[in-house]
Amino acid sequence: ACFMFRSFNRLTAMALPKLTYLDIKGFGEAIRLALYIGKIDFEDHRVSHAEIQELAKEGKLPYGQVPVLQLDGVTYAQSGAILRWAGRQSGLYPEDHKLQLQCDAIEEALTDIKKLLPSVWYGSILGRNPATKEPLVPISDAKKEEVLQALNEIALPYRFGQLERALENSGGPYFCGETMTTCDLSFYVMGLGFLTDCYAYGVRTTILDECPRLKALVERVGDHPKVKEWNAAHP
């Protein structure tokens, strides 16, 4: 599926950026939100797993995965890089160098959390085979239950506790202080996913109960007018 978003902005004279990702939130939603909030024209190109495999076979995915961004005939990859680009275009990535460090540190902390989840997402230790997309070193159902117990009781509470302290130390209400940035969007997508049991099945929806600031941040970002508009159009 493709969705076109047009508004007058500094990219109108350029070819329309094309963001390709699955028809899920996952690693692409924060990018979509950043572009939409910043009123950046873009083509929201949503593809199936089968289409991704075809694109990879055709050599159109630099690292064999999505999201990718096509900009002026060049294909760029890696969700973090694309999100920073979108943030700069939309004014959601900090200009202050110290705040950039702060924002990037939060993104890296979120990446640390994602690295804990391949066993839940793919049922394997090493995620998916980069060539065939099949599970790489699969685990048994019993081992997966053991992983979920460790995630729910140890790993995720510890990691979210770190983020809760980071948010408190920033002075809030956002990770970089008074202004919403791309890392808040990234956490919003992840946090909302955990709270609604659609980010990593089996992780308790109460996982953020000991982190009131993080839960409030999910609500605050979700109440942003442009985020509400986007969510209403993409339930």
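**Helix packing, aromatic pairs and strands**

The axes of H7 and helix H8 (residues 212–222) come within 9 Å of each other and cross at roughly 110 degrees. This crossing angle falls in the range of 65 to 115 degrees, so H7 is roughly perpendicular to H8. The model is a predicted one. The points below are grouped by topic.

**Contacts between H7 and H8**

- On the H7 side, the residues that meet H8 are Asp184, Leu185, Phe187, Tyr188, Gly191, Leu192 and Leu195.
- Their counterparts in H8 are Leu214, Lys215, Leu217, Val218, Val221 and Gly222.

**Aromatic pairs**

- The count of aromatic pairs comes to 9.
- In one of them, the ring centres of Tyr36 and Trp230 are 5.2 Å apart and the planes stand at 55 degrees, so this pair is tilted.
- The pair connects distant parts of the chain, since Tyr36 belongs to helix H1 (residues 29–37) and Trp230 to helix H9 (residues 225–233), 194 residues apart.
- Tyr36 has a relative accessibility of 18% and counts as buried, because the cut-off for buried is under 20%.
- Trp230 likewise counts as buried, at 0% relative accessibility.
- Phe160 and Phe194 form an edge-to-face aromatic pair, with 5.6 Å from centre to centre and 85 degrees between the planes.
- This second pair also links distant parts of the chain: Phe160 lies in helix H6 (residues 141–169) and Phe194 in helix H7 (residues 182–195), 34 residues apart.
- Phe160 is buried, with a relative accessible area of 0%, and Phe194 counts as buried at 1% relative accessibility.
- Phe160 and Phe194 both belong to a cluster linked by ring pairs, together with Phe27, Trp121, Tyr122, Phe175, Phe187 and Tyr199.
- Phe187, a member of this cluster, is also among the H7 residues that meet H8.

**Charges over rings**

- The charged end of Lys114 sits over the ring of Phe27, at 4.6 Å from the ring centre.
- Arg220 lies over the face of Tyr174, and the distance to the ring centre is 6.0 Å.

**Strand pairing**

- Strand S2 (residues 18–22) and strand S4 (residues 68–71) run antiparallel and are joined by 3 bridges.
- Within this pairing, Leu19 stands opposite Leu69 in S4.
- S4 is also joined to strand S5 (residues 74–77), by 4 bridges, and these two strands run antiparallel.
- Gln70 has Thr75 in S5 as its bridge partner.
- S4 and S5 form a hairpin with 2 residues between them.
- Asp72, located in the turn of this hairpin, has a positive phi of about 55 degrees.
- In a regular strand, side chains alternate between the two faces of the sheet.

- Ser119 lies in helix H5 (residues 118–122).
- With a relative accessible area of 11%, Ser119 is buried.
- Leaving aside residues up to four places away in sequence, Ser119 touches Ser124, Ile125, Ile139, Lys144 and Val147.
- Ser119 and Val147 are 28 residues apart in sequence, and their C-alpha atoms are 7.4 Å apart in space.

Notes. Residues numbered from 1 in each chain as written. Predicted model: local features only at pLDDT ≥ 70, side-chain atom pairs only at ≥ 80, totals over all residues. Heavy atoms only, no water. Phe/Tyr/Trp six-rings, centres within 6.5 Å; stacked < 30°, edge-to-face > 60°. Buried < 20%, exposed > 50% of the residue type's maximum accessible area, 1.4 Å probe, protein only. Lys NZ or Arg CZ within 6 Å of the ring centre and 35° of its normal. Pairing = 2+ DSSP bridges. Axes fitted to C-alpha atoms, helices over the stretch in contact; angles between N-to-C directions. Parallel < 35°, antiparallel > 145°, perpendicular 65-115°, else oblique. Contact = heavy atoms within 4.5 Å.
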